[in-house]
Amino acid sequence: MKFKAIVCAGIILFFLKPVFSEEIVSGNQNFQIPNTQNLTIEADKITYLEANEFVSASGNVLVVYKNYSITANASVVDTKRDQLYLNHGFVMKRDQRAFTGYELDYNLQTETGRATHVQFDFAGNYIKGKEVIIGKDKIIIVDASQTVCDARPPHYRIEASRFVIYTRWNLMVADGAVLYLVGVPIAYIPNYVVDNQNQDVS
């Protein structure tokens, strides 16, 4: 509920920007966030709000920061909280891994956040989930499914209420998973582990 409230606040701010707007510019802009490297935002239109406390961008948005880049339709940066809000679709590339989703609420200092309706590839495993909690060393996918089948829709998949990926060890774990074959549940898997580092599934 907190995540939805924050995203809604960002969306409301985005639509109210003509009221609070201080400056509207176009093109590539650089922003210095305390104790970090430069954050670069490029968009068709960039608006500064509330004495530059909020930076709103729309149209072909590109955010580049540290070891990742994000493309989106619209974004709001809270410069005081170092918080980035994206909605209406985004693609986030971090550490040679790409996340595609609908909404993203991400802290630039801690490099943690939440996203909705996300899809990504983890070491050849195609994963999607209703909600994803992104941490530095751990990713939690809620209402998740996973497959290595290239067909769309996949011929088989694993579903679970929650997958946990430990990125440091290249390990994925799920409790209470269900195997689906051609859309039909055929097996319950109490403990499902994918060790991508050793190419092992158990």
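Student: Which residues form one aromatic cluster?

Tutor: They are Tyr 65, Tyr 68 and Tyr 106. Rings of Phe, Tyr and Trp (its six-membered ring) pair if their centres lie within 6.5 Å; planes under 30 degrees apart count as stacked, over 60 as edge-to-face and the rest as tilted. A word on the source: this is a predicted model, where local features need pLDDT of at least 70, side-chain atom pairs count only at pLDDT 80 or more, and totals for chains, interfaces and linings use all residues. Residues are numbered from 1 along each chain as its sequence is written, and side-chain values use heavy atoms, with hydrogens and water left out.

Student: How many aromatic pairs are found in the whole structure?

Tutor: The search finds 5. In one of them, the ring centres of Phe 99 and Phe 120 are 4.9 Å apart and the planes stand at 40°, so this pair is tilted. Phe 99 belongs to strand β6 (residues 97-101) and Phe 120 to strand β8 (residues 112-122), so the pair ties together parts that are 21 residues apart in sequence. Strands (E, at least two residues) and helices (H or I, at least four) are DSSP runs, numbered from the N terminus; the protein chain has 14 strands and 2 helices.

Student: Are Phe 99 and Phe 120 buried or exposed?

Tutor: Both are buried. Buried means under 20% relative accessible area, exposed over 50%, and partly exposed in between (1.4 Å probe, protein chains only). Of the 202 residues in the protein chain, 44% count as buried.

Student: What does Val 164 touch, not counting residues up to four places away in sequence?

Tutor: Contact means heavy atoms within 4.5 Å. By that rule, Val 164 touches Lys 138, Ile 139, Ile 140, Leu 171, Met 172 and Val 173. Val 164 sits in strand β11 (residues 156-166) and is buried, with a relative accessible area of 7%. Its C-alpha atom is separated by 4.6 Å from that of Ile 140, 24 residues apart along the chain.

Student: Where is Ala 174?

Tutor: Look in strand β12 (residues 171-181). Ala 174 is buried, with a relative accessible area of 1%. Leaving aside neighbours within four places in sequence, its contacts include Ala 160, Phe 163 and Tyr 192.

Student: Which residue lies over the face of Tyr 180?

Tutor: A charge sits over a ring if NZ of Lys or CZ of Arg is within 6 Å of the ring centre and within 35 degrees of the ring normal. Here Arg 157 lies over the face of Tyr 180, at 4.4 Å from the ring centre. Likewise, Arg 152 lies over the face of Tyr 126, at 4.7 Å from the ring centre.
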